[in-house]
Amino acid sequence: MTPARTVMVTGGAGFIGANFVRYWSEHYPSDRIIVLDALTYAGNLANLESVSELQNYRFVHGNILDVAVIDELMLEEQVDTIVHFAAESHVDRSIHEPDAFIQTNVIGTNNLLMAARKHWIDSDSAPATHLFHHVSTDEVYGTLGPDDPAFTEQTLYAPNSPYAASKAASDHLVRSYHHTYGMQVTTSNCSNNYGPYQFPEKLIPLMIVNAVTGKPLPVYGDGSNIRDWLYVEDHCRGIDLVMNKGRRGATYNIGGNNEWRNIDIVNQLCKSIDAAVAADDRLAGQFPDAPAASGKKTGSLIAFVKDRLGHDWRYAIDATLAETELGYKPLEDFESGFQLTLTWMLNNEAWWRAVMDGSYRNWISKNYSADD
Ligand code: NAD
Ligand code: DAU
């Protein structure tokens, strides 16, 4: 059995981070979990409500750009494991404001690595073992044509958006700390996630919210772009396997083997919402502005809009390495994962309304000071 660890999860109040904290607390209840999160627009304490009372859990409102905060926390909590999710994560935002992506994703990652080096490698009281796990993306590999083989760990980096470039830079920094200082690191590069608590700026939750509130469903370009979709809990299980069984210094691709064209996802989503409303009268009362509430097709909301600048055409992950070395295999296919997500979104209207109308943000600034 692995001895109890003190795990610092950066970005643990975001979508994947919060799902990971819940997953980790269930699978490794003896581990202490410290969430370090700046609570940007994407971070939300409501995502962590189910773990907030656990004894082995602490939330720290802090920024990975603040070297002193990281340093103090590493020392005070004797952190021996870092799982690094904190990032600016939305490609469209990176096209408009790249600077925040360079700050958090590049400088912030380096701050964490410098603190880890100080406490784990240069210190006389370094823990017996340590691990820095870096959560990255398939976008570092660039884009694929229709007949190209899926991304492997050997695919050359060719990031196309400022977001992807900032994540690529952070991957290289993590690798260099292993090579140069002998830091024990692992990296996972994952495909598109979906599931509970995803901020409704990303394709699937945005389309669900717009569909039930009667707003247009904006499909970029002609909708032919392809993404490889993975249910968020399968990503968390993949990270667990990489952390516990992965070779130190190695990177592993994690994916769902689930390539879909955007337009097919949106059409599928429209059909599922039509079926859900037809099957449950209460939904028509709850969402009176949804076309399905008055017997119309949700698909009537689809609107083809101007394409994203530099829009990558296709991503696909080859997860053979993780499958053969670590025994990784996703449990959800797109049908089952999407149904779980849709049901969660329909049952959690208060959550998405709060994050979208900013009332949560106002609550945070009133109730949380920067040193909490
Ligand atoms: P998210 O945007 O939902 O959450 C990011 C979290 O990081 C938020 O809680 C935010 O408050 C926090 N954060 C941002 N800047 C910070 C800073 N300077 N200091 C401290 N905290 C900060 O992101 P997500 O979709 O959950 O993605 C998490 C990680 O997984 C990212 O590193 C992303 O690159 C990677 N990833 C995401 C996907 C995906 O499909 N969403 C796929 C592969 C990899
Ligand atoms: O591949 C992993 C990446 O997946 C992660 O690293 C990123 O953090 C995550 O945001 C995601 O990036 P994408 O750009 O692929 O995700 P997004 O949900 O923004 O868009 C998915 C596809 O849908 C993409 O081709 C753009 C398109 N799209 C998106 C939005 C928000 C639309 O057509 N309309 C939209 O309104």
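How far does a polar side-chain atom of Lys-167 lie from an oxygen atom of ligand 1? The distance is 2.7 Å.

## Ground rules

This is a predicted model, where local features need pLDDT of at least 70 and side-chain atom pairs count only at pLDDT 80 or more, while totals for chains, interfaces and linings use all residues. Residues are numbered from 1 along each chain as its sequence is written, chains are lettered from A and ligands numbered from 1 in the order in which they are written, and side-chain values use heavy atoms, leaving out hydrogens and water.

## Around ligand 1

Ligand 1 has 29 residues around it, with Asp-37, Asn-63, Ser-89, Tyr-163 and Lys-167 the closest (a residue counts as near if one of its heavy atoms lies within 4 Å).

Helices and strands here are DSSP runs, numbered from the N terminus: H or I of at least four residues for helices, E of at least two for strands.

## Around ligand 2

Here the shell has 24 residues, and Thr-137, Asp-138, Tyr-163, Arg-308 and His-311 come nearest. Oxygen atoms of ligand 2 lie 2.7 Å from a polar side-chain atom of Asn-192, and 2.7 Å from one of His-311. Protein covers 94% of the 690 Å² of accessible area that ligand 2 has on its own.

## Aromatics

The structure holds 18 aromatic pairs (Phe, Tyr and Trp rings, using the six-membered ring of Trp, with centres within 6.5 Å; planes under 30 degrees apart are stacked, over 60 edge-to-face, the rest tilted). One tilted pair is Tyr-197 with Trp-344, at 4.6 Å centre to centre and 55° between the planes. That pair ties together distant parts of the chain, 147 residues apart: Tyr-197 is in the loop between strand 7 (192-194) and helix 6, and Trp-344 is in helix 11 (residues 334-347). Both Tyr-197 and Trp-344 are buried (under 20% relative accessible area, with exposed over 50% and partly exposed in between; 1.4 Å probe, protein chains only).

Notes:
Polar contact = N/O pair within 3.5 Å; in protein donor to acceptor, adjacent residues only side chain to side chain. Areas by Shrake-Rupley, 256 points an atom, 1.4 Å probe, with all protein chains shown as cover.
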